[in-house]
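Thanks, everyone. I have one structure to go through today, and I will start with a single residue before moving to the whole chain.

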Amino acid sequence: MNYADWYTDLVDVYRVQSRAEGSLTKHERLPVAQDVPCRVYRSGAHAPKMQPTAAAGVSEDKLACGNEMDIQAGDELLIHRGARLGEVQQTMRAFAGDPVHFYEPFGAVLPGLAHQEVGLLQREYLKGALGDGAG
């Protein structure tokens with residue numbers, strides 16, 4: 001078994017980088033890596049929470065990918081769900097939390113399990129309008 005065989009998604013990673021422009025330092029989000037094999041899995045989901053101005057949906061998704069990938073907390077991730085299978089139906093935009101690396105134990109019974117997991121911050125405000133004219 002190999003974790004890489006489970007990666008059905010692809011991720012593009014963007015990071016804020018500084019560049020000097022005359023006497024000013026500007027920050028811009030630039031691509032760090034593209035089309036990196038990964039897999040998103042959900043460890044918990046909650047119903048939308050109603051607020052006075054909008055409904056907010058919050059989920060607890062995580063991303064798994066190889067340890068060789070350089071992902072840092074705060075990186076912007078564009079995750080193309082099902083892209084390795086040719087089935088892109090959704091592109092998620094999320095921000096990376098601190099990565100947690102899992103390494104291959106010496107003499108592992110099931111080799112190929114080394115990977116990293118990254119918590120995702122994906123807070124979307126759900127669109128919607130009242131069609132009955134109320135409120």
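H115 counts as buried because its relative accessibility is 5%, where buried means under 20% relative accessible area, exposed over 50% and partly exposed in between, with a 1.4 Å probe and protein chains only. This is a predicted model, in which local features need pLDDT of at least 70, side-chain atom pairs count only at pLDDT 80 or more, and totals for chains, interfaces and linings use all residues. Residues are numbered from 1 along each chain as its sequence is written, and side-chain values use heavy atoms, with hydrogens and water left out.

Back to H115. This residue lies in strand β7, residues 115-121; strands are DSSP runs of E, at least two residues, numbered from the N terminus. The H115 side chain makes a polar contact of 3.1 Å with the side chain of E117. A polar contact is a pair of N or O atoms within 3.5 Å; within protein, one must be able to donate a hydrogen and the other to accept it, and residues adjacent in sequence count only if both atoms are side-chain atoms.

Now the whole chain. The protein has eight strands and zero helices, helices being DSSP runs of H or I, at least four residues. Of its 135 residues, 30% count as buried.

What about contacts, meaning heavy atoms within 4.5 Å? Among those between residues at least 6 apart in sequence, 58% join residues at least 24 apart. Leaving out residues up to four places away in sequence, I71 touches V13, R15, L63, C65, A96, P99, Q116 and V118.

Terms used
Contact = heavy atoms within 4.5 Å.
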